[in-house]
Amino acid sequence: MNKLWIVFGSLIMWSCNNKPRHVIVSAEGKVVYTDSANWPASFGLGRPASSSDIAKMDLDVRPDGKGLPVGEGNAIAGKAIYLTKCVACHGTDTTSGDAKLLGPVLISTKPGKGKTIGNYWPYATTLFDYVRRAMPYNEPGSLTNEEVYQVTAFLLQANKIIGEQDVMNAKTLPKLVMPAQKRFIPDDRKGGPEVR
Amino acid sequence: MAVENKQENKLSKPISRRILLGGAATAAVVLLKSSYGQVVQKAITHAELKIADPTKVLGPPPGALGTRSKFETPVKKASDISSRTPLQDLFGTITPSDLHYERHHAGVPVIDPHSYSLTIHGMVDKPLVFSLADLKRFPSVTRIFFVECSGNYRGGKAEMTPQEICGLTSQSEWTGVMLSTLFREVGVKSKASWFLAEGSDAAVMTRSVPVNKGWEDAMIAYAQNGEAIRPEQGYPARLLLPGWEGNTSVKWLRRIELSDQPFMTREETAKYTEGVKDGKIRQFSFVMDARSIITYPAYPQQLQKGWMEIRGIAWSGRGKIYKVEVSTNGGKTWQDARLQDPVLDKAHTAFRYLWEWKGGEAELLSRAIDETGYIQPTMKQLTDARGQDMGGYHLNPVTSWLVQRDGKVLFKSEK
């Protein structure tokens, strides 16, 4: 995980000291802070979230691997899933970028195939996270964790990031360095006269 | 029984299903009362639309829901993935809720408000689950601001309306609870620097947001323009980050997780990032820079000689609009437009400029200047700054309308 992002996150906290405070927005949209001294310490609203409440919906996977479940898979198993559950919308390596597919092309081994996993995605963990939450488009959330590892491995292999036999799991996936990662920079626009 | 005068408005032929659904031949959609007292929608053609002298006919009684005049048919323009606000048909700065633009990644979910909940967890002292009723009991705020998709520029041909060029921006009066109020309730840890916002649509949409935006002016809204938020805008509750690209204002919000780093979701890596110079890719470009567009006159209007008011809207995600300048000669000279008070922070601001068209060719431009001193750039300035590979996000170029001698108004497309 790139330290830059952590620094960036704190940079845009102009004045943040994370002290509890209340924000009021005036009719003109002016943000006014008042301290919440006259507020009760707690409004007593909401109920405690149990660990099972959280586990039920805590789907996200971070670049450092936090959130990756148990399970594993390689590209050989993943290819079989891809060919039954994904290919109709996403095509194959030989499908051209402008083919009338419902979904975007995912395999970018040749130049001119558009921005995708091999040439644009900065983190491999994003692929696991996204496929698990949103794909297949017509049946989101229907793959098992094992299947998500497998199809993730296949897409990484098809994009020449890993080999056919390489096993993807909670340990190996966060270690991959994607080709495009070094190209990403945080927003450098800051208002004022300069156009960026 | 039809509420309209029976004699005058008798429909000459049975209404086909296509007309009922508002086919091409539709002149208006009217509300009629059926014999069971139900209000039903009927579309009628121009020939069928005979209007009685309104002083000689009793009008319909008060109803349960208001309707648009049958002579007014503003509509959103929908594609598979988005639906655009008809900016050229609107007045003032509030977008009627049913004309608010839509952009979602896997359709509009149906969410039962009684089973809805928002969970806040991660780097907090007390992870909590709030029901919709809980959210509504917290101290509330109401604020007017725009929401704009960062992929809000289309060009390519002369026959384009403001709606087609940049209809992915809309403005509402939003009511809800400040996120800072909820942060206080759960006790956000001082080491938390980002939070993940997650929706409960079929995309289970996620974005990482710097925690300070949460302390600053983020809100969880449950109401829009005086009523519950519309399903297309995130019913029953959504995140709103004033001035920031629309995708970060996650709709149908179900979960917020506090963290000490961003999550690098697909929508902040593969999408909503833009190529800049030297092969770099700019990420987390949250703020929407200042922009304006003349919405009158604009394609497809046909101008008549004489005086008119050039009208439009200007907005900036960085604060208030300071000034809007209008040119009627392609940018050779610029004049200040009049801004409608009150000028609000991060809000569509109406501008007007009085102009006499004498029948010659003209090129109408507007440019917004915000309180940071940012001047809305031309497309050339944007390309010069970002390079040829800049893609389609965060494009806010000056829009130019060419007025021809015959009174036609055409878009001067630059990309």
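A word on conventions before we start. This is a predicted model, in which local features need pLDDT of at least 70 and side-chain atom pairs count only at pLDDT 80 or more, while totals for chains, interfaces and linings use all residues. Residues are numbered from 1 along each chain as its sequence is written, chains are lettered from A and ligands numbered from 1 in the order in which they are written, and side-chain values use heavy atoms, with hydrogens and water left out.

## Where the chains meet

Let's begin with the interface between the two chains. The size of an interface is often given as the accessible area lost when the parts come together. Here, chain B and chain A bury about 6500 Å² between them, with 58% of it on carbon and sulfur atoms; buried area is the accessible area (1.4 Å probe) that two parts lose on being put together, summed over both. In chain B, the residues that lose the most area to chain A are B:Arg184, B:Trp215 and B:Ile281, together 12% of what that side buries. In terms of contact (heavy atoms within 4.5 Å), chain B contributes 78 residues and chain A contributes 70 residues.

Eight salt bridges are counted between chain B and chain A, where a salt bridge is a side-chain nitrogen of Lys or Arg within 4 Å of a carboxyl oxygen of Asp or Glu. One of them links A:Arg133 with B:Glu198, at 2.8 Å from N to O. On the side of chain B that touches chain A, the residues divide into 33 nonpolar, 21 polar and 24 charged. For these classes, Ala, Val, Leu, Ile, Met, Phe, Trp, Tyr, Cys and Pro count as nonpolar, Asp, Glu, Lys and Arg as charged, and the others, Gly among them, as polar.

## Domains of chain B

Chain B is divided into domain 1 (2–56), domain 2 (78–272) and domain 3 (291–412), with bounds that come from an automatic or database domain assignment. The C-alpha centres of domain 2 and domain 3 of chain B lie 28 Å apart, and their contact takes 34 residues from domain 2 and 28 residues from domain 3. Between these two domains of chain B, about 2500 Å² is buried, and carbon and sulfur atoms give 63% of that area.

Three salt bridges are counted between domain 2 and domain 3 of chain B. B:Lys346 forms a salt bridge with B:Asp217, with the closest N and O atoms 3.0 Å apart. The count of residue pairs in polar contact between the two domains of chain B is 12, both residues at pLDDT 80 or more. On the domain 2 side, β8 (141–148), α4 (162–166), β9 (169–178) and α6 (211–216) of chain B each supply at least two residues, and β8(B) gives the most, with five residues. Helices (H or I, at least four residues) and strands (E, at least two) are DSSP runs, numbered from the N terminus.

## Strand pairing

Two strands pair if DSSP finds at least two bridges between them. The table collects some pairings.

| Strands | Sense | Bridges |
|---|---|---|
| β3 (47–48) of chain A and β7 (128–131) of chain B | antiparallel | two |
| β20 (321–327) and β24 (362–370) of chain B | antiparallel | six |
| β6 (117–122) and β7 of chain B | antiparallel | four |
| β6 and β15 (253–259) of chain B | parallel | four |

Strand β7(B) reaches across the chain boundary, where A:Pro48 has B:Leu128 as its bridge partner. Within chain B, B:Thr119 stands opposite B:Val129 in β7(B), and β6(B) and β7(B) form a hairpin with five residues between them.

Finally, chain B has an open sheet of five strands in the order β21-β20-β24-β25-β26, with antiparallel pairing. Its edges are β21 (335–336) and β26 (409–411) of chain B, each with a single partner strand, so one side of each is left without a neighbour in the sheet.

Technical notes
Polar contact = N/O pair within 3.5 Å; in protein donor to acceptor, adjacent residues only side chain to side chain.
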